[in-house]
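The report below describes a predicted model. It takes up the ligand surroundings, then a helix pair, and finally a sheet.

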Amino acid sequence: MAKSRQCRGCGAPLQSEEVDNSGYLPEHILNDPGKALVCQRCYRIAHYGKDQKTTITPDVACNIVKSSVDWAEAVLLVVDLMDFEGSLPPQIVELLRGKKGIALVNKGDLLPPKTTIIEARKWVEAQLGHHGLSLHTRVISGISGLGIRDLVAEILKQPYERWVVVGATSVGKSTLISTMLHQQERTAGGVPTIAKFPGTTVEKLQWKISNKVTLMDTPGIVPENRLSDRVCVDCARKLVPARAINVKVYELAEHQGLVIPGLAAVKVEGSAMVILGFTASEVSWQRANHNKFEYWLGKRCADCPQSEWITHEVTIPSHHDLAIHGLGWISVRRTEVTCALTIPANVAFSVRPNLVGARKKR
Ligand SMILES: Nc1nc2c(ncn2[C@@H]2O[C@H](COP(=O)(O)OP(=O)(O)OP(=O)(O)O)[C@@H](O)[C@H]2O)c(=O)[nH]1
Ligand SMILES: [Mg+2]
Ligand SMILES: [Zn+2]
Ligand SMILES: [Zn+2]
């Protein structure tokens, strides 16, 4: 039996008994020693971009990450700049306390040109500091290659040989490793599988980026309160940040607010004002009259788990964002705004200093 062999894309132990389980490969391929071994699911993702449900549960993912962190001498923590709070769940913060390593703020290519990389790095460093993590921080892009050469140089200079790449699902851990392997011309053994929906990597999997340094790819930790993890596979694909940031300025008259149909609504109180709406995925905010909110919220996908709506009273100070984990954010500038935020019951939100645009003078 070839049970000890792993899929080179997602890490699953290869098997030819259960078609619907991870690591499946038809027997004649599995027993062919000459073939590059990737499981059927990875093959379909890579060749047809097919959305294939994950087979890993959040508990199993968390245990795999724990043992990988124990194995490693240093960590590469990956967070998604477009969903910072949603991609830094408390389990990760706990796991990494006291660990040596580097925090990587991925998807830097999606930043609007006016927000500099240095600004974004400082913003993230301050936010990480609030969580008690004082890791050296770099803004990168696994897709465009931004900052990757410098990152590899920094890793190779360190005395550590075993590095683990950790983070929430869909933040771009496997994309980062793949880009490093390409830059180091070490793709002969394949590259990790990348997909637009969460739960792609299902086991730990080692990759060498130099003769000395091994990187461990790991399954994503599943944040408990991120909208993109609370929807069906099709909707998850639409919500993962992968596009240039979409910023729109909305002039709201009295009795108007912003909605993302079927997902969220922000009812703004008070007279006319200007609000900015941000997303970096396939959905976007739209302006709506208060009396149409129910109609827009009712446009839910029938395949998604239907949790109840909860309305939160939120005050957003001037120059702050209201970020809905796994969805997007709105931003106010000169005036404080009070609003009623309606989102599914199991989704979290944060109020934070604004990421994009002029900062409040302190
Ligand atoms: N725009 C942009 N998209 C990115 C970047 N890195 C990753 N992505 C996209 O984010 C999605 C998830 O990427 P993966 O590398 O599979 O993420 P992961 O962290 O390995 O996910 P899991 O294995 O599910 O935990 C894919 O659609 C990628 O194309 C980046 O730097 N910029
Ligand atoms: Mg992955
Ligand atoms: Zn696979
Ligand atoms: Zn859905």
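## Surroundings of ligand 1

In this predicted model, ligand 1 is surrounded by 26 residues, of which Gly172, Ser174, Thr175, Thr201 and Gly220 are the closest. By class, the shell around ligand 1 consists of 13 polar, nine nonpolar and four charged residues. Helix α7 supplies the largest share of this shell, namely three residues.

## Packing of α6 and α7

Helix α7, which spans residues 173-183, also packs with helix α6, residues 148-157, at an angle of about 80° and with the two axes 10 Å apart. Since angles of 65 to 115 degrees count as roughly perpendicular, α6 and α7 are therefore roughly perpendicular to each other.

On the α6 side the contact is made by Ile148, Arg149 and Val152, and on the α7 side by Thr179, Met180 and Gln183. The residues of this contact comprise three nonpolar, two polar and one charged.

## The five-stranded sheet

An open sheet is formed by five strands in the order β7-β10-β14-β13-β16, with antiparallel pairing.

Isoleucine 324 stands opposite glycine 328, a residue in β14.

Methods: Residues numbered from 1 in each chain as written. Chains lettered and ligands numbered in written order. Predicted model: local features only at pLDDT ≥ 70, side-chain atom pairs only at ≥ 80, totals over all residues. Axes fitted to C-alpha atoms, helices over the stretch in contact; angles between N-to-C directions. Helix = DSSP H or I, 4+ residues; strand = E, 2+ residues; numbered from the N terminus. Parallel < 35°, antiparallel > 145°, perpendicular 65-115°, else oblique. Contact = placed C-beta atoms within 7 Å. Nonpolar A, V, L, I, M, F, W, Y, C, P; charged D, E, K, R; others polar. Near = placed C-beta within 6 Å. Pairing = 2+ DSSP bridges.
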